[in-house]
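Hello,

Here is the structure you will be taking over. Please open it first, then read the notes below it.

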Amino acid sequence: MASRDPVADLRRIAFLLERAGEATYRVRAFRSAATKVAAMDDEELAARAAEGTLSEISGIGDVTARCIAESLGGEEPVYLRRLESTEGVDLPGAAGELREALRGDCHTHSDWSDGGSPIEEMALAAVELGHEYLVLTDHSPRLTVARGLPPARLRRQLDYVARLNDQLPDGFRILTGIEVDILDDGSLDQEDALLERLDVVVGSVHSKLRDESPRMTKRMVNAIANPHLDILGHMTGRKVAAAGEGDRGHRKGHTRPPSTFDLDRVIAACVEHGKAIEINSRPDRLDPPKRMLTVAVEAGCLFSIDTDAHAPGQLDWLGFGCERAALCKVPVERVVNTWSMDRLLEWTAGHA
Ligand SMILES: [Zn+2]
Ligand SMILES: [Zn+2]
């Protein structure tokens with residue numbers, strides 16, 4: 001039997017585990033084994049598989065060694081077959097149409113901040129999903145727990161992304177971006193000159209989430225009025241218990257109530273300044289809640305449906321956001337990531 005590509009099989013396993021909501025650290029065994037195997041020469045790999053000594057290599061364990069041996073032997077690894085058999089079905093109706101219309105993802109993280117994978121692995125997963133672009137939005141400096149990027153590191157990232165884009169397939173591009181912290185007074189946690197340079201700016205509240213409503217409202221409205229901000233990220237900051245929590249590696253009971261603010265004023269500011277409200281697809285966020293989303297739809301807001309992915313497999317969570325958007329009757333033409341890349345970039349560059 002012709003051998004399969006063990007690197008592709010290991011990465012596919014990691015992707016499916018991430019998509020199923022497994023914590024990134026649990027998936028790391030498969031990603032690091034893939035990296036190890038990719039760096040080995042074929043003969044050594046085959047010899048070790050034949051001798052049964054794959055697991056003597058650091059970074060390859062018993063489970064990953066078995067997968068590699070099965071791949072090389074030309075059969076789909078049992079581990080992978082089991083995961084593929086739980087493969088999701090297509091989304092029905094309006095949710096499916098929305099998903100079909102999405103051309104990219106405007107909120108994603110790499111291991112430059114608190115994501116689990118290198119930028120190139122995120123990009124390759126996005127290419128496989130059929131995206132035309134992926135906006136890389138690592139965190140800003142003040143969010144030190146998430147290794148937010150100080151200006152100098154962000155500049156280095158911009159150079160790095162420019163080089164990566166030269167190597168990626170035609171018809172796909174990594175767009176530059178940031179998930180910038182909305183500070184106490186509503187200012188944004190990054191140098192103006194850098195925010196100006198970025199393709200897309202997502203602004204989110206990550207601190208003082210319990211600010212009193214008038215304070216929080218002012219803070220959010222100030223940020224929305226800032227011409228650099230394009231998309232308001234996970235607007236309530238709530239955390240909900242994800243399905244299967246506990247047995248999927250999530251921290252048990254890690255929930256958080258939504259922040260309080262004047263919803264009408266925040267939405268009016270988004271409409272006035274032409275900014276988009278993010279429909280965050282993460283199962284542990286589901287932000288904004290449906291009630292708020294419906295108000296925003298009626299007010300005429302723009303939206304972006306994003307994953308806030310911290311690992312490649314999570315890039316396939318867009319369907320969750322599409323389901324919620326469809327339930328709340330979000331019109332396709334008001335979702336900025338259904339637009340062509342040119343139109344998207346014209347929009348992000350055009351706020352006065
Ligand atoms: Zn965030
Ligand atoms: Zn994020």
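Gly130, which follows helix α7, has a positive phi, near 90°. This is a predicted model, in which local features need pLDDT of at least 70 and side-chain atom pairs count only at pLDDT 80 or more, while totals for chains, interfaces and linings use all residues. Residues are numbered from 1 along each chain as its sequence is written, chains are lettered from A and ligands numbered from 1 in the order in which they are written, and side-chain values use heavy atoms, without hydrogens and water.

Helices (H or I, at least four residues) and strands (E, at least two) are DSSP runs, numbered from the N terminus. Helix α7 covers residues 119-128, and its buried residues include Ile119, Met122 and Ala126. Buried means under 20% relative accessible area, exposed over 50%, and partly exposed in between (1.4 Å probe, protein chains only). Among the elements covering the buried residues of α7 are α1 (6-19), β1 (104-108) and β3 (173-181).

Which residues are the protein donors of the zinc ion (ligand 1)? They are Glu179 (OE), His206 (NE2) and His234 (NE2), lying 2.1 to 2.2 Å from the ion. Donors are N, O and S atoms within 2.8 Å of the metal (3.2 Å for Na, K and Ca); water is not among the atoms, so sites may look incomplete. Glu179 also coordinates the zinc ion (ligand 2), and the two zinc ions are 3.4 Å apart. Glu179 is in strand β3 and His234 in the loop between β5 (231-232) and α11 (263-273), 55 residues apart. Glu179 is buried, at 1% relative accessible area, and His234 is buried at 2%.

Regards

Key:
Contact = heavy atoms within 4.5 Å.
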